[in-house]
Amino acid sequence: MLRPVAIHCLLSTLLCMWVLCNAQSPSGPPVIQLRLAGEKRKHYEGRVEVFYNGEWGTVCDDDFSITAAQVVCRELGFMNAESWSPSAKYGSGEGHIWLDNLHCTGGEKSLAECHSNGFGVSDCKHSEDVGVVCTQKRIPGFKFIQNQGLTVQVEDVRLRATYSQRKRIPITEGFLEVKYGGKWRQICNEEWTEKNSRVICGMYGFPGEKRFNARPYKLLASRRKKNFWGFSVNCTGNEADLSDCKIGREIKRKGNSTCEQGMPVVVSCVPGRAFAPSVSAGYRKAYRLEVGRILHQPLVRLRGGAMIGEGRVEVLKNGEWGTVCDDNWNIRAATVVCRELGFGSAKEALTGARLGQGIGPVHMNEVECSGFEKSLTECYFNRDAGCSHEEDAAVRCNIPAMGFNKRLRLNGGRNPYEGRVEVLAEKNGSMVWGTVCSDSWGTMEAMVVCRQLGLGFASHAFQETWYWQGDGSTDAVVMSGVRCSGTELTMDQCLHHGKHILCPKGGGRFAAGVSCTQTAPDLVLSAQAVEQTTYLEDRPMYALQCAHEEHCLSSSADKADPSSYRRLLRFSSQIHNNGQSDFRPRAAHHSWIWHECHRHYHSMEVFTHYDLLTLNGTKVAEGHKASFCLEDTHCDEGIQKRYECANFGAQGITVGCWDTYRHDIDCQWIDITDLKPGDYIFQVVINPNYEVAESDYTNNIMRCRSRYDGQRIWTYNCYIELEHNRQPS
């Protein structure tokens, strides 16, 4: 089980013993450490801070250049720099301004090697602190452990399972080895602690460590040639990665006599629920305790992420889900969330609603965690949020290597994000690649494919793929009848026909296909707008001919006298796009349907469902709205409108904008002519047929309580139904 992790400090391996002897030349560059800090930033950008002489300080923007930024980014482990920013863009730092008038050639391995006025020699103020933006791609194997300037670089770290454990997925236990000097080496366990194991497990996607039977490992170790790494490791246990730990003392290497009092380190991890062989074997989430028993009600959840183990952080408080503000949000708090939910440590702590904006209250702000809490709700936080949803915090967690992407592939597409779906399946005793039947193939199935391959969200689901030239030898259908809920981790977890394939159309040109994308829209209806605009109108049948033609009236209207009246429950709907990309109709311009009566095109035949339900959920009246016009009615401040329906223009809803269907337009109603007086639930469902992929479908349903007395109607307690976490009262 491999993971590109490295342990790095500032000097090369060849100079390691020289550093240990503290024999640094007076003419050599001083040992420094860099970090990115500041406000409103991503993990690969920020104010440049330098650790020198025991203190953190900043760098002045005088004479700074993109070349200097490249040196900074490479020293921090990123491939390159994208840009740099003067004038304290990421906020003013504190302490010394260590470097001023920096001149780098670009070949330096450390910022300390660049020419400058000298450390601490500066005439700048902190309003001139420089910042950089690095490329997101990291240098392979570059991460580091540090201790008082001591530097040792290793190329990789792995858990090496024993032969009997290698076929298990995921691998949760094995010898811990580091690749050093081109060779894999063991670590002596004489000073190894459970805290070290906790960090290793977190890196590999597991929430915790556990004890193991050491006897077989001792036996194996005694039979193998010993090749130990020359250092011990010292973790506190709350680090997100081994690179955040420190190097312990040097181990004297004596061949087979090394580590005489111990044996090679073995790490054993507890898998989370989603990755455990059975539910009972998995790591338990933090659940709300009530009356001495555990309720299966998680306190924390992730929403809006494409992959398992990533998403916007949401917290349950007083029966209502809300978000977490990103003030002071860091990798330690993110790691508490990840472990709580059964994942490993956090890869990233995301700020600025990077994974979409939530709805409802902001429950937590200025979160501070030690890293050992069982739940985010145990961390210190400020209840007075004072934040908007533009500041919603999110996480990306380490997850175990499950090998999901080895059993599925896309073939024939123009790029790696699209193609015909091909599955590795057993046929006549051997494993062969084949296609998936496209009968009933839709957005939900495509979402699972994109997730399984690590390609993000589904953009489109295709039922014909003749235009993608695949390998003819893989045309045979090996999977049919696929029906997914959209939450599965793999296609195998979806309902399907199993070994009994049924696909009348066959594979080849009719094989299922997908295109994937890294971002997706997220539509949310304004419950407040609905509640404030509902009213009744009695309208004559002769004025409803176009609406009748578009099936916007109840079935009894088919036999109604033209002079009779229909009673309509009218309301406005205001639909916001809180996601990361624009909401666009699935159908292209040329395939939109023209409606002669209303004289407009429908880009989506069913965009919303409107229903009245009894209190036990039985439907008693219904309506629907086709998207004859999807446009940006209004946008948040600073966001430009992009979509306008006039003159057969492009349709859609921009991120940060909303489309308003006013109460006075046709079909913006429910026909309640035949409704009896009583109490009801008024329900609106957006994108009900999942025609367009979204990052979160759980917020597409709005419900209200309604009371009808035969003449008047009252609508109240409207809310967005987030997986039934609240009920109307």
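Predicted model: local features only at pLDDT ≥ 70, side-chain atom pairs only at ≥ 80, totals over all residues.

Modeller: Let's begin with Cys704 and Cys718, which form a disulfide with their sulfur atoms 2.0 Å apart. The torsion about their S-S bond is about 110°, so this disulfide is right-handed. Cys704 sits in strand β42 (residues 701-708) and Cys718 in strand β43 (residues 713-720), so the pair ties together parts that are 14 residues apart in sequence. Both Cys704 and Cys718 are buried. As a reminder, a disulfide is a covalent bond between the sulfur atoms of two cysteines.

Next, find Cys437 and Cys503, another disulfide, with 2.1 Å between the sulfur atoms. This link is right-handed, with 85° about the S-S bond. Cys437 belongs to the loop between β26 (430-436) and α6 (443-452), and Cys503 to the loop between β28 (477-479) and β29 (513-517), so here the parts tied together are 66 residues apart in sequence. Buried means under 20% relative accessible area, so Cys437 counts as buried at 1%, and Cys503 is buried at 15%.

Now turn to the disulfide that joins Cys325 to Cys387, S to S 2.0 Å. Its torsion about the S-S bond is about -80°, so this one is left-handed. The pair links distant parts of the chain, 62 residues apart: Cys325 is in the loop between β19 (320-324) and α5 (331-340), while Cys387 is in the loop between β22 (380-382) and β23 (394-397). Cys325 has 1% relative accessibility, so it counts as buried, and Cys387, at 16%, counts as buried too.

These pairs are among the 15 disulfides counted in the model.

How values were computed. Residues numbered from 1 in each chain as written. Heavy atoms only, no water. Disulfide = S-S within 2.5 Å. Helix = DSSP H or I, 4+ residues; strand = E, 2+ residues; numbered from the N terminus. Buried < 20%, exposed > 50% of the residue type's maximum accessible area, 1.4 Å probe, protein only.
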